[in-house]
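This report looks at charged side-chain pairs. Which pairs meet, and how accessible are their members? Have the model open as you read.

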Amino acid sequence: TWHLKKIPQIVRERTFSLDSPKFEAKTKLELNSVCGIECQRKLPVPSLSDLKSLLSYETVFENGTRTLTEVNVLGAVPDPAANATTRRPLRKKRQIYGTDSRFSIYDKRFMTNFPFNTAVKISTGCSGILVSPKHVLTAAHCLHNGKDYVKGSKRLRVGLMKTKSRGNGRKRKGTSDGMPSFQWTRVKSTHIPKGWFKGVSGDIALDYDYAVLELKRPHKRKYMELGISPTIKMMPGSMIHFSGFDNDRSGQLVYRFCSISDESNDLFYQYCDAEPGSTGSGIYLRLKEPNKKKWKRKIIAVYSGHQWVDINGEQQDYNVAVRITPLKYAQICFWIHGNDENCTQG
């Protein structure tokens, strides 16, 4: 069941103009994180001043201007119990672990309907997910390498899936069944938490690897609601699901599901088969609504990609996702709505 939680408040305090970015960074789809699972567990609980700094955010607008917004955080309650979990056996493999268990979605009835139609393609080479009629959630490193914005993010676009037109019922030369084409929409602005910039320079890169894009024009498709990430033991079979546009399956929408192997306060560690291109995908669960018989899918994490992490002095690899904690829920919800009135419960 989805459990309602009281959400902290993110309150805008001051906004400053910054110099325009250079937009010269190279897109890097695989990151290295020195701080692994054991290190994450030992990190101190952030103080209120830390949280205010980490959750302040940069906004880059379509014309290249940039601002920094400082925030205050009200009602934040740390959840130290979230780290208590059982580790499962480790495997040393790459992004495809053993047999490739990904599914390419070819049938347009699935591809153009919920939940698959919420997956979008980002022009820098990543994936994302629709979270409102005008907003897309993706990974921060798809736009920024920690020092500068990536080259393609100056004229950022989002591709929404559409099936290729056959034209008078006849198949056009060069088209194939089940291969989506994209309706590209310009991005009006992007929000990235300041914690991402601090994280990369401090070698604790992943906790804030998320960003929200505001589209120039609203779409009329069904989108995925945000949810608070439960702990592993509260998930049916510990299973998560996500869809994206993996580079090795060009033009295909790729769906996968798997169980989570481990977690820290901010991250899920798992062996879902994935390749670059799927980073930024929204990871979702299907749980029951409180006091109802209805089931509902909600996004509970953002897929960050393949990571080498340090465990007991050894480098192990996982596919890692950034959890939507109550604080991150508050921030993302604030970015979407422009105020916190709609973000009091998640």
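Buried means under 20% relative accessible area, exposed means over 50%, and partly exposed lies in between (1.4 Å probe, protein chains only). The model is predicted: local features need pLDDT of at least 70, side-chain atom pairs count only at pLDDT 80 or more, and totals for chains, interfaces and linings use all residues. Residues are numbered from 1 along each chain as its sequence is written, and side-chain values use heavy atoms, with hydrogens and water left out.

A salt bridge here is a side-chain nitrogen of Lys or Arg within 4 Å of a carboxyl oxygen of Asp or Glu. The whole structure holds 9 of them.

| Pair | Closest N to O |
|---|---|
| E225 and K296 | 2.8 Å |
| K328 and D266 | 2.6 Å |

Start with E58 and R66. E58 is buried at 9% relative accessible area. R66 is buried too, at 17%.

Next comes E225 with K296, a salt bridge. This pair links distant parts of the chain, 71 residues apart: E225 sits in strand β12 (residues 225-226), K296 in strand β17 (residues 295-311). Strands (E, at least two residues) and helices (H or I, at least four) are DSSP runs, numbered from the N terminus. E225 is partly exposed, at 35%. K296 is also partly exposed, at 24%.

K328 pairs with D266. They are 62 residues apart: K328 lies in helix α5 (residues 326-337), D266 in the loop between β14 (253-263) and β15 (267-270). K328 is buried, with 2% relative accessible area. D266 is buried at 17%.
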